[in-house]
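I opened this entry to record what I looked up, starting with the overall fold and ending with one surface patch.

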Amino acid sequence: PFNHFGPTCVYGIVVYFMSGMSTDPATFFTHFFIYQMLVWASIGFFLMISAVSPNVDLASLLAPVFFVIFFLVTGFLLTDDAIPAWIRWAKYLAFTKYSWVSFMINQYEGTMVSSLDSDGNEVARVSVLSQFQLEGVDLWEQIGILFAVGCGYRLLGFLALKYTNTRVGLEN
């Protein structure tokens, strides 16, 4: 279950510091932990998709469809208010939502930016998190939900393997 740890360590550390993110050790290690939980949840998601699909072709079709929906409801491209009500419920299933919110809170909590008028004059200072409607969201709650979503995907994948697609010739 942790065979992803080595490659994500190398990739995660390089990208983190190349991106110019906070050099605070607590922020870095929290980011790294969120990253590991993201990988945990995404592996669970793809395990579930492969388990519910009767063949590779269907799995290859389903995964990108769900991924596009997940990215639309994550909150990065559209705020919750801008997402149509008929699809807004999908954000609760999207592991991308919880990881993105966690990354944002970890990196930008307490960070203020200037709001400028059309002439370039500073009008106000606003929180980065308020721009994305993330004020007051608890970081560790989001990380816990991310872990739980990963567990839920894995449980659904297990149940799908147990009760569907059983005729593959390996029953004995």
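I counted secondary structure first: the protein has seven helices and two strands. The model is predicted, and I read every entry below with that in mind. Along the sequence, the elements run α-α-α-α-α-β-β-α-α.

Next I checked the extent. The C-alpha trace spans about 70 × 40 × 25 Å along its principal axes. I also looked up burial: 36% of the 172 residues count as buried.

Then I turned to helix α2, residues 25–52, and its packing against two other helices.

Helix α3 covers residues 56–73, and its axis comes within 9 Å of the α2 axis. The two axes cross at roughly 140°. I noted the crossing of α2 past α3 as right-handed.

I took α7 next. Helix α7 covers residues 139–163. Its axis lies 8 Å from that of α2, at an angle of about 20°. Angles under 35 degrees count as roughly parallel, so α2 and α7 are roughly parallel to each other. Here α2 passes α7 in a left-handed crossing.

Last, I looked at the surface. Which residues form a nonpolar patch there? I found V10, Y11, V14, V15 and M18, with about 520 Å² of accessible area together. V14 sits in helix α1, residues 5–18. Is V14 buried, partly exposed or exposed? Its relative accessibility is 43%, so V14 counts as partly exposed.

Terms used:
Residues numbered from 1 in each chain as written. Predicted model: local features only at pLDDT ≥ 70, side-chain atom pairs only at ≥ 80, totals over all residues. Heavy atoms only, no water. Patch = residues over 30% accessible without salt bridge, like charges linked within 9 Å, V, L, I, M, F, W, Y side chains within 5 Å. Areas by Shrake-Rupley, 256 points an atom, 1.4 Å probe, with all protein chains shown as cover. Salt bridge = Lys/Arg side-chain N within 4 Å of Asp/Glu carboxyl O. Helix = DSSP H or I, 4+ residues; strand = E, 2+ residues; numbered from the N terminus. Buried < 20%, exposed > 50% of the residue type's maximum accessible area, 1.4 Å probe, protein only. Axes fitted to C-alpha atoms, helices over the stretch in contact; angles between N-to-C directions. Left-handed = near helix turned anticlockwise from the far one by under 90°. Parallel < 35°, antiparallel > 145°, perpendicular 65-115°, else oblique.
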